Amino acid sequence: MFQFAASTPAASGGSILGLVGPFVLMFVVFYFLLIRPQQKKTKTRNAMLKSLKKGDKIVTIGGLHGTIMELSDDIVVLRVNDVTKLTFDRGSISHAVTTVEDKE
């Protein structure tokens, strides 16, 4: 009594590509706009953390400015003024500070 036109083999073969194509395109866009830049940023940050040495001036994630006095694999001791030394995890360092005098 009822006949369905979608049950023919020719109509169902092309629809799989039509359904999967947009998902593949979205993944490619997400990869180039979100995933790849985040991986690049993480790689740059890890390289910066590995290149730190005693005497470098840094800023922590919390905004504290200091100079590295001691450095181990996971602990950093910062001097924030003449007498105050604070201990931080190495991962809590946001970036190293470079001044005009350091570049010359």
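Reader: Where is P37 found?

Author: P37 is found in helix α1. Helices (H or I, at least four residues) and strands (E, at least two) are DSSP runs, numbered from the N terminus. Before we go on, a word on the model: it is predicted, so local features need pLDDT of at least 70 and side-chain atom pairs count only at pLDDT 80 or more, while totals for chains, interfaces and linings use all residues. Residues are numbered from 1 along each chain as its sequence is written, and side-chain values use heavy atoms, with hydrogens and water left out.

Reader: Thanks! Is P37 buried or exposed, or in between?

Author: The general idea is a set of cut-offs: buried means under 20% relative accessible area, exposed over 50%, and partly exposed in between (1.4 Å probe, protein chains only). With a relative accessible area of 38%, P37 is partly exposed. Contact means heavy atoms within 4.5 Å. Beyond its neighbours within four places in sequence, P37 is in contact with Y31 and F32.

Reader: Which pattern does the protein chain follow along the sequence?

Author: The pattern is α-β-β-β-β-β-α, from two helices and five strands. Of the 104 residues in the protein chain, 15% are buried.

Reader: How should I read a nonpolar core, and which residues form the largest one?

Author: In soluble globular proteins, nonpolar side chains tend to be buried together. A nonpolar core is a set of buried Ala, Val, Leu, Ile, Met, Phe, Trp, Tyr and Cys residues joined through side-chain atoms within 4.5 Å. Here the largest has eight residues: M48, L49, L52, I58, I68, V76, L78 and I93. The elements giving two or more residues to this core are α1 (9–50) and β3 (75–79). Take I68 as a core member: leaving aside neighbours within four places in sequence, its contacts include L52, I58, V76 and L78, and also D56.

Reader: Where does D56 lie, and what does its side chain meet in a salt bridge?

Author: D56 lies in the loop between α1 and β1 (57–60). A salt bridge is a side-chain nitrogen of Lys or Arg within 4 Å of a carboxyl oxygen of Asp or Glu. By this rule the count comes to one, and that one joins the side chains of K53 and D56 (3.2 Å, N to O). The backbone nitrogen of K53 also lies 3.0 Å from a polar atom of the D56 side chain. D56 counts as buried because its relative accessibility is 16%. Leaving aside neighbours within four places in sequence, D56 is in contact with S51, G66, T67 and I68.

Reader: What about R90: which side chain of opposite charge is nearest?

Author: For charge, Lys and Arg count as positive and Asp and Glu as negative; His and the chain ends are not counted. The nearest one to R90 is D73, 5.0 Å away, and R90 is buried yet has no salt bridge. R90 sits in the loop between β4 (85–89) and β5 (93–96). Not counting residues up to four places away in sequence, R90 touches several residues, including L49, L52, D73 and V76.

Reader: Last one: which backbone nitrogens lie by the side chain of N81?

Author: Those of V83, at 3.1 Å from a polar atom of that side chain, and T84, at 2.8 Å. N81 is found in the loop between β3 and β4 and is partly exposed, with a relative accessible area of 39%. N81 and G66 are 15 residues apart in sequence and 7.8 Å apart in space, C-alpha to C-alpha.

How values were computed:
A polar contact is a pair of N or O atoms within 3.5 Å; within protein, one must be able to donate a hydrogen and the other to accept it, and residues adjacent in sequence count only if both atoms are side-chain atoms.
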